[in-house]
Amino acid sequence: MSTFIHYSRQDDVAVLTIDNPPVNAMSPGVPEALEAALDQAADDPVVRAIVVIGAGRTFIAGADIGVLEDMAWGRRPPMEGWHGLLAKLEASPKPLVMAIHGSALGGGLEVAMAGHYRVAVATAQLGQPEVELGIMPGAEGTQRLPRLVGVEKALEMCIAGKPVKAAEALSAGLIDAVMEGDLLAGAVAFARNAGACRKTSERADRLGNPEANAPLFAAGLQLAAKVRRNQEAPLRVVQAIEAATTLPFEEGCRLERELFRACLVSDQAKALMHVFFAERMASKVPGVDKNTTVYPVARAGIVGAGTMGGGIAMCFANAGIPVLLKETTAAALDAGMARIRQNYENSRKRGRFTAEEVERRLALIHPQLDWSGFDAVDLTLEAVFESMSLKKQIFAELDRVARPGCVLATNTSTLSIDEIAAVTARPEFVIGMHFFSPANVMRLLEVVRGSATSLAVIATAMALAKQLRKVAVLVGNCPGFVGNRMFFPYMYEGQFLAEDGATPQQVDRVLTNFGMAMGIFAVDDLAGIDVGWRVRQELTLGDPGGRQPRVADRLYAMGRYGQKTGKGWYLYGEDRKPVADPEVVALIEAASAEAGIARRSIGDQEILERSVYALVNEGARILEEGFAQRASDIDVVYVNGYGFPSWRGGPMFYADTVGLDKVLAAVEGFGWKPAPLLQRLAAEGKTFREGCATGSRDR
C-alpha cells in the first residue's frame with residue numbers, strides 16, 4: 001500500500017489511515033492511493049465496513065494549495081483523480097464511515113461528504129473556506145452540502161467560509177455523531193452498527209422548492225456583497241448551490257466544475273493565493289533558523305494605557321500572558337481599564353466570551369502607576385504617543401529598571417528605533433513592535449529591526465507575534481518603516497487630487513470602489529488629523545522642497561480633528577458616517593487659488609492611478625533600499641494593516657497584474673520621479689514577484 005494510506009483491519013472493519021503530513025492535504029497521489037485502499041477493502045471478504053481516518057493532528061485540511069496555485073497560473077494541468085475518488089467513495093458496497101478530528105476543510109470536507117456516514121470529535125472543525133482563496137468548492141461540495149444541511153446553511157458556510165464545530169455540524173445534519181473518548185474506537189464501533197450505505201447524491205429532502213428557496217438565494221447574494229464585497233467566487237457559489245436544487249446531481253457537478261475552473265484562473269484567485277503564501281513567507285527571516293535563541297515571554301510590561309496600550313494589553317491577555325499596564329495618572333489609568341473592560345463586554349454580548357472568561361482575561365492585566373514589577377518581566381513595550389523626547393525619557397527609565405535580558409520594544413509607528421535605542425546601554429535588546437489600531441483586532445505587526453538589534457531579539461519578536469496571533473513582517477528602520485512610509489505619499493496624493501479639482505468624497509468613492517476598506521480622507525478622519533499633524537512635527541515627509549499639501553494643517557488649526565471632534569474632512573453625527581461639508585470644499589478651493597492651481601475635472605481613472613501608483617512607486621524605493629525583504633512582505637503589510645483588498649493581492653502584486661511598463665509610463669506622465677527599481681524591472685520586462693523575492697540588502 002502507498003505510504004499515503006495505511007491499510008489495517010480491526011476484525012471485520014477496515015481502517016484506511018491517510019498519512020500525508022503535516023495536514024494530510026489531498027496532494028497528487030493521495031486520491032489514487034485512497035482509491036486503491038478502497039478496492040482492497042471492497043475485495044476483502046472479511047471486511048463488512050470501512051473507516052477512513054487521518055493520521056497526525058487532523059483529518060484532511062483540504063487540497064494542496066501549492067498545487068492549486070500552479071494550476072491557476074497554468075504551471076500544472078488540472079488535478080485528476082478527485083471525481084473518480086468521490087464516486088468510488090459513495091459507491092462503496094460496504095458502509096463507509098469518515099472519522100474526523102482536527103479539521104475537514106475544503107476538499108477534506110468534500111471527501112468526507114462522499115462517505116456514507118461522518119463522525120467527529122467535539123473539537124473538530126468542518127467547513128468550505130475556498131472563498132478565502134478566491135475559488136469555490138470544486139469537488140462536488142456545492143452539490144452535496146445542501147443535500148446534508150439544507151440550502152440556507154450551505155450558502156452561509158460556502159459564502160462566509162467560516163468552519164463549524166462538531167456540535168453545530170451535528171445539529172445541521174453534516175455529521176451523524178460526536179465521539180467521546182478515542183475517535184478510532186468509536187468510529188469502528190459505529191461502523192459495525194451502521195445501517196445500509198447512504199448516498200448523499202440521492203438525497204433531496206433538504207433541497208427545498210423554488211418558491212421557498214428564492215429568498216434564500218437573494219439573502220445569499222446580500223451576504224456575499226456584505227462580507228466579500230466585489231469578489232466573484234461567492235457569486236459563483238450561489239449559482240452552483242442553486243443548480244443543486246434545480247438540476248440532477250451529475251449535471252450540477254458538471255456546472256460546479258465549470259464555475260470552479262473559471263474562478264481558479266481568475267486574477268482574484270491568483271491574488272488571494274499570493275497573499276496566502278506571502279503571509280507564510282513573511283515569517284522567514286534570513287539568519288534566523290531553528291537554532292536561533294528565542295527568549296521566552298511569560299510576563300510583559302506595557303507603558304501607556306491609551307487606545308494603543310490598552311489594545312496591546314488585551315493582545316497579551318488573550319494569549320494568556322500576564323501584563324503590567326502603567327500610566328502616569330489615575331484618571332488615565334482608569335479610563336484605559338474602562339475601555340478594555342468595555343471591549344471585552346462587547347465581545348461577551350456578541351457571544352464570543354462568557355462572563356467568566358471576561359473576568360479571567362481582565363485579571364491578567366494589572367493596572368499601576370509606578371514601575372513595580374517591571375524588573376521581573378521578560379518584555380517591556382512602550383505605547384505612548386509619537387514624541388521622540390517622551391520615548392527617549394521612557395526608554396532611559398526602562399533601561400534602569402528592566403532586568404538584564406529583558407526585550408525593550410517600542411510601538412512607534414514612524415520614529416527611529418536607533419535613536420530610541422541610543423539612550424539605553426543595551427541597543428541589541430531594543431526592537432520596534434508596531435501594532436495597528438485597534439491592536440486587539442488588527443492582524444498586522446510590523447517588527448522593526450534597529451542597526452544593533454540582535455537576531456535573538458528579532459526571533460523572539462517574530463515568535464511572540466505568532467503567540468499573539470498576529471501576522472508579523474520584519475521591516476527596516478527608516479522614517480515610517482514600510483507601512484507608514486508608503487502611506488504618506490498615498491495620503492498626500494489624495495490631498496493633491498482634491499487641490500487639483502476632485503472632492504474628498506470623489507476620491508474616497510473611487511478608492512472604496514477599487515476595494516479599499518476606506519477612502520483616504522475617511523481614514524485620516526478616523527486616525528485623527530491631530531495625529532498626522534504631530535507626526536509631521538517629528539518628521540520631514542514628502543519631497544523636501546517639492547509640493548506639500550495645504551489643507552490638513554488648516555483643519556488642525558481649526559480644531560477639526562476628524563471623528564473624535566465630529567468634524568474633519570467630513571462632518572460626523574452620532575452614527576459616525578461621513579457627510580460632505582461645503583466648508584471644507586470652500587477651504588480646498590481657496591487653498592488651490594492661493595497656490596495658483598487651475599482646478600479641473602478629474603476622472604476616476606486618474607484618481608485611482610495617482611493614488612495606487614503612489615504606493616507602488618514608494619514601495620519600489622523601499623525594496624531597493626532594503627527596508628523590506630520581499631515585495632510580497634509589502635503586500636502583507638498593506639492587506640493586513642491598511643485595508644488594501646486582499647483579492648487584488650496588495651499594491652506590488654497589483655502593479656504586476658497591470659504591467660510595470662504601464663505603471664512606469666503613468667508615473668512618468670504624472671511628472672513624478674520614478675523609483676530606479678521600477679524603471680529597471682519595467683525595462684527588463686519583469687515583475688516585482690520575479691525581481692524582488694528578497695530585498696537588495698539585509699537591514
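Helices (H or I, at least four residues) and strands (E, at least two) are DSSP runs, numbered from the N terminus.

Before moving on, note that this is a predicted model, where local features need pLDDT of at least 70, side-chain atom pairs count only at pLDDT 80 or more, and totals for chains, interfaces and linings use all residues. Residues are numbered from 1 along each chain as its sequence is written, and side-chain values use heavy atoms, with hydrogens and water left out.

**Stop 1: strand S6 and its partners**

Show strand S4 (residues 96-100) beside S6. They pair in the parallel sense over 4 bridges. Two strands count as paired if DSSP finds at least two bridges between them. Find Val121, which stands opposite Met179 in S9.

Is S6 covered on one face or on both faces? On both: Tyr117, Val119 and Val121 are buried on one side, and Arg118 and Ala120 on the other. Buried means under 20% relative accessible area, exposed over 50%, and partly exposed in between (1.4 Å probe, protein chains only). In a regular strand the side chains alternate between the two faces of the sheet.

**Stop 2: aromatic pairs**

Next come the rings. Rings of Phe, Tyr and Trp (its six-membered ring) pair if their centres lie within 6.5 Å; planes under 30 degrees apart count as stacked, over 60 as edge-to-face and the rest as tilted. By this rule there are 20 aromatic pairs. Select Tyr117 and Phe190, an edge-to-face pair at 5.7 Å centre to centre, with 65° between the planes. Why does this pair tie together separate parts of the chain? Tyr117 belongs to S6 (residues 117-121) and Phe190 to helix H8 (residues 183-193), so the pair joins parts 73 residues apart in sequence. Tyr117 has 8% relative accessibility and therefore counts as buried.

Jump to Phe436 and Tyr642. Their ring centres are 5.3 Å apart and their planes stand at 80°, so this pair is edge-to-face. The pair links distant parts of the chain, 206 residues apart. Phe436 sits in the loop between strand S15 (430-435) and strand S16 (444-449), and Tyr642 in the loop between helix H26 (631-641) and helix H27 (651-658). Phe436 is buried, at 7% relative accessible area. Tyr642 is buried too, at 16% relative accessibility.

Together with Phe436 and Tyr642 they form one aromatic cluster.

Stay in the loop between S15 and S16, and find Pro438 there. A cis peptide bond joins Ser437 and Pro438, with omega about -5°.

**Stop 3: charges over rings**

A charge sits over a ring if NZ of Lys or CZ of Arg is within 6 Å of the ring centre and within 35 degrees of the ring normal. Select Arg280: its charged end sits over the ring of Phe276, 3.6 Å from the centre. Then select Lys326, over the face of Trp371 at 4.6 Å from the ring centre.

**Stop 4**

Show residues 107-114, helix H4. Here 8 of its 8 residues are buried, including Leu109, Glu110 and Met113.

S5 and S7 (residues 125-127) run parallel, joined by 3 bridges. Ser103 has Gln125 in S7 as its bridge partner.

**Stop 4: nonpolar cores**

A nonpolar core is a set of buried Ala, Val, Leu, Ile, Met, Phe, Trp, Tyr and Cys residues joined through side-chain atoms within 4.5 Å. The largest has 93 residues; Trp569, Leu623, Leu678 and Phe688 have the most contacts inside it. Apart from it lies another core of 87 residues, among them Val67, Leu126, Leu133 and Cys263.

**Stop 6**

Finish with Asp11 and Asn24. Phi of Asp11 is near 55°, a positive value in a residue other than glycine. Asp11 is exposed, at 62% relative accessible area. Phi of Asn24 is also near 55°. Is Asn24 buried or exposed? Asn24 is buried, at 2%.
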